[in-house]
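This briefing walks through a single protein chain, moving from the overall fold to selected side-chain contacts. Please keep the sequence and the coordinates at hand while reading.

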Amino acid sequence: MRAALRSELLDRLYGRDDPAWDAWVAGLSATEQAVLESLLDVYLRELDGRDAESLAGLGRALGIGERSRRHIADGDYWDRIHALVWLALLRDAPDRDLLRAHCTETARERAAAAKVLYAAGADDCAATGVDLLLRDDPDSFSVFGVDTLYRVAEGDPSPFFERAAADFAAWPPALQRQALLVVRHLTTVIGDADLSWVVAALSSSEPSVRGAAWRALGAYGWNPRVRDAVDLGAIPDEPAPAVRADAYRALGVWGDATALAAIDAAGRADPAPRSRVAAAATLIAQRGPDATPAPRESPRPGGEATYASTATGAEPSATGPEPPAPDAAPFDVAWIWAAEHARFDRLARDISRDRERLYDEVRG
């Protein structure tokens with residue numbers, strides 16, 4: 001039965017100008033309709049464009065849309081989830097009041113309801129989708145939910161930024177981090193959206209939120225209002241080493257002289273080895289693996305004066321970089337460590353490019 005129905009479905013979809021779904025479905029038994037519905041589920045997940053639009057007509061002929069609306073209104077949790085999946089596949093957005101009344105109990109239902117609007121290309125996708133996702137004390141989302149929040153905000157970010165500016169402080173830390181992750185990836189589509197709440201998140205009591213805020217702001221070095229609002233001089237006062245490392249990496253993405261000077265100043269005074277390495281690695285990524293750190297104001301006789309803030313352009317020696325002197329400054333040790341990793345990374349990439357030449361040399 002399944003093979004025969006599949007053959008007929010494909011013939012009607014691709015072999016006729018009018019597939020006449022209603023007439024076909026009317027002549028099928030209940031069992032045949034159930035099997036056809038399972039086939040439709042498969043094809044709607046694989047096809048797009050006009051094929052999907054035509055198959056949506058088969059879904060209407062099978063009554064899936066109306067049944068899904070009844071399940072949302074009267075069904076249990078799993079009925080609602082199953083109904084929302086079908087409506088997303090059919091690109092069939094139901095009445096918004098139906099979604100607001102029955103699909104905000106859990107984070108998963110919120111995300112599924114917003115995804116229906118996104119899949120259907122609804123005009124109010126951003127406004128209503130953000131409202132469904134973030135209204136009434138929302139919980140944190142799954143990966144699917146975060147992706148849905150990003151997708152509904154991408155077309156029109158204003159509703160998302162307005163909601164976050166108003167409610168961000170009241171959200172749990174997990175949801176705050178997810179909102180900041182969305183901000184990190186929206187970047188240039190935001191227009192003149194208010195980012196003051198992202199800057200304010202740098203002062204959160206939660207280190208993970210502060211780190212997420214730095215990672216988000218790394219994408220906005222092009223925005224002068226953001227740059228002016230961030231206090232670069234406060235980085236050394238950040239108590240969490242991992243957050244300081246996030247700050248260094250964010251400023252490295254900004255990449256201008258002011259940001260790099262802030263990394264250099266804070267990195268030299270950083271008490272944590274890992275965050276010192278993050279600062280050094282960020283500067284090396286900007287200046288090249290053969291760059292050396294600028295000398296301190298009071299160079300150590302016989303050693304410090306050899307460190308300059310220019311790239312030598314020389315190839316790394318076969319034996320690797322010179323080991324630091326026993327009394328080398330901690331930041332110099334971090335720099336040598338990070339530079340060695342950068343050099344080996346470059347060497348590995350060069351070897352990949354020259355694989356055939358090296359193979360001939362070894363074989364010869």
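A residue is called buried when its relative accessible area is under 20%, exposed when that area is over 50%, and partly exposed in between. The model is predicted, and its confidence is summarised before the local features are taken up.

**Confidence and overall make-up**

- The pLDDT averages 88 over the chain, and 86% of the residues score at least 70.
- Residues 298–319 have a pLDDT below 50, and this stretch has 38 contacts in the model beyond near neighbours in sequence.
- The chain contains 20 helices and zero strands, and 44% of its 364 residues count as buried.
- Among the contacts in the chain with a separation of 6 or more, 65% are accounted for by residues 24 or more positions apart.

**Salt bridges**

- With a side-chain nitrogen of Lys or Arg required to lie within 4 Å of a carboxyl oxygen of Asp or Glu, the count comes to 23 salt bridges.
- Arg-91 and Asp-48 form one of these salt bridges, and their closest N and O atoms are 3.2 Å apart. This pair links distant parts of the chain, since Arg-91 sits in the loop between α6 (77–89) and α7 (96–102) while Asp-48 sits in the loop between α3 (30–46) and α4 (49–61), 43 residues apart.
- The two partners fall into separate accessibility classes: Arg-91 counts as partly exposed because its relative accessibility is 32%, whereas Asp-48, at 58%, counts as exposed.
- Arg-100 forms a salt bridge with Asp-97, with an N to O distance of 3.3 Å, and both residues belong to helix α7, where they are three residues apart, or about one turn of the helix.
- Within that pair, Arg-100 is partly exposed at 28% relative accessibility, while Asp-97 is exposed at 54%.
- Arg-100 also forms a salt bridge with Asp-131, for which the closest N and O atoms are 3.4 Å apart. Because Asp-131 lies in helix α9 (residues 125–134) and Arg-100 in helix α7, this pair ties together parts that are 31 residues apart in sequence.
- Through salt bridges that share partners, Asp-97, Arg-100, Asp-131, Arg-135, Asp-136, Arg-163 and Asp-167 are joined into one network.

**Helix α10 and its surroundings**

- Helix α10 (residues 143–155) consists of 13 residues and spans 19 Å from its first C-alpha to its last, which is close to the 18 Å expected at 1.5 Å a residue.
- Which residues of α10 are buried? They are Gly-145, Val-146, Thr-148, Leu-149, Val-152 and Ala-153, and because they cover an arc of only 160° around the axis, they lie on the same side of α10.
- Val-143 and Gly-155, on the other side of α10, are exposed.
- The elements that cover the buried residues of α10 include α8 (107–120), α9, α11 (158–167) and α12 (173–186).

**Aromatic pairs**

- A search of the whole structure finds nine aromatic pairs. In one of them, the ring centres of Trp-21 and Trp-24 are 6.1 Å apart and the ring planes stand at 35°, so the pair counts as tilted.
- Trp-21 and Trp-24 are three residues apart in helix α2 (residues 21–26), which means that about one helical turn separates them, and both Trp-21 and Trp-24 are buried.
- Phe-160 and Trp-197 form an edge-to-face pair, with 6.2 Å from centre to centre and 85° between the planes. Since Phe-160 lies in helix α11 and Trp-197 in helix α13 (residues 196–200), the pair ties together parts that are 37 residues apart in sequence.
- Are Phe-160 and Trp-197 buried or exposed? Phe-160 is buried because its relative accessible area is 0%, and Trp-197, with a relative accessible area of 5%, is buried as well.
- Phe-160 and Trp-197 belong to one aromatic cluster, which they form with Phe-161, Phe-168 and Trp-171.

Technical notes: Residues numbered from 1 in each chain as written. Predicted model: local features only at pLDDT ≥ 70, side-chain atom pairs only at ≥ 80, totals over all residues. Heavy atoms only, no water. Helix = DSSP H or I, 4+ residues; strand = E, 2+ residues; numbered from the N terminus. Buried < 20%, exposed > 50% of the residue type's maximum accessible area, 1.4 Å probe, protein only. Expected span 1.5 Å × (residues − 1). Arc of directions from axis to C-beta. Contact = heavy atoms within 4.5 Å. pLDDT = per-residue confidence, 0-100. Phe/Tyr/Trp six-rings, centres within 6.5 Å; stacked < 30°, edge-to-face > 60°.
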